[in-house]
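Subject: Structure handover

Hello,

Here is the structure we spoke about, with its sequence.

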Amino acid sequence: MQGKVEICGVNTAKLKTLTNDEMMRLIDAAQQGDEQARRKLVEGNLKLVLSVIQRFLGRGENPDDLFQVGCIGLLKAIANFDTSKNVRFSTYGVPMIAGELRRYLRDYSPIRISRSMRDTAYKVLQCKEQLTNEQGREPTQQQIADKLGIALEEVTNALDAMTAPVSLYEPVYSDGGDPLTVMEQVRDRKNTDERWIESIALREAIRGLSDREKRILALRFYSGKTQMEVAGEVGISQAQVSRLEKNALGSLRRAISVS
């Protein structure tokens, strides 16, 4: 979906981006029943929805369907966000949108098996039953492959395709408290949802910085320059660089912290 700006009839290239102050004001109004405010909030956060659904593409689902589900998550985030907390809306909204997408994929997206794979699986199961009856024991996959005259890999894939999928949320152990799920046993602890959500929140927070703050952070932490070197390049004092850097980092920390 790279470069795609037309989705569900919405041209996202023309959408306005809301400031944090505008966001808070509109959320308060929307939660009081102002439909126009809610519509502006949705339009102002459609790019956020698109950034989240990028994570869920490549699973055979229609991007427009995922976009609509993501918008449902956005509406729930708007309805439940607490503007009194010192948290950016994107920090709260991203997990809400992602959660709605995960529920949709879990509940409505069964694994699809091709017709040819189903036909092969049917033949494999018939052959397995026949050889079991003849030998009085379950045959090996190689014996089934030899009997049908097909590759061992085809037999393995066919049997795997007919195995009922196990949900990542399936409990595998419980001692009376919260159960241990499959996801917790096989999860990638490096590329976790938490890190991914934080990266999106960080990008959103950086967009909220002034051009001067962005430049100072880039020179300090990307180019590795000292505050004195940055001051000379930007044309301000070292004390000003220090103050702007401190303010910018504080804004980023607040944006990615969840209370």
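The mean pLDDT of the protein is 78, and 73% of the residues reach at least 70. Among its elements, helix α7 (residues 141–148) has the highest mean pLDDT, 91, while helix α9 (residues 182–186) has the lowest, 54. Residues 1–5 stay under 50 throughout, and the model has 13 contacts for them beyond four places in sequence. Where pLDDT is low, the predicted coordinates should not be read in detail.

The residue I looked at is Ile 27, which belongs to helix α1 (residues 20–31). Is Ile 27 buried or exposed? Its relative accessible area is 0%, so Ile 27 counts as buried. Leaving aside residues up to four places away in sequence, Ile 27 touches Leu 41, Ile 78, Phe 81, Thr 83 and Phe 89. Lys 40 lies 13 residues from Ile 27 in sequence, and the C-alpha atoms of Ile 27 and Lys 40 are 9.7 Å apart.

On the cysteines, a disulfide is a covalent bond between the sulfur atoms of two cysteines. How many disulfides does the structure hold? It holds zero. Cys 71 has a relative accessibility of 16% and counts as buried because the cut-off is under 20%. Cys 127 is also buried, with a relative accessible area of 4%.

Regards

Conventions. Residues numbered from 1 in each chain as written. Predicted model: local features only at pLDDT ≥ 70, side-chain atom pairs only at ≥ 80, totals over all residues. Heavy atoms only, no water. Helix = DSSP H or I, 4+ residues; strand = E, 2+ residues; numbered from the N terminus. Buried < 20%, exposed > 50% of the residue type's maximum accessible area, 1.4 Å probe, protein only. Contact = heavy atoms within 4.5 Å. Disulfide = S-S within 2.5 Å. pLDDT = per-residue confidence, 0-100.
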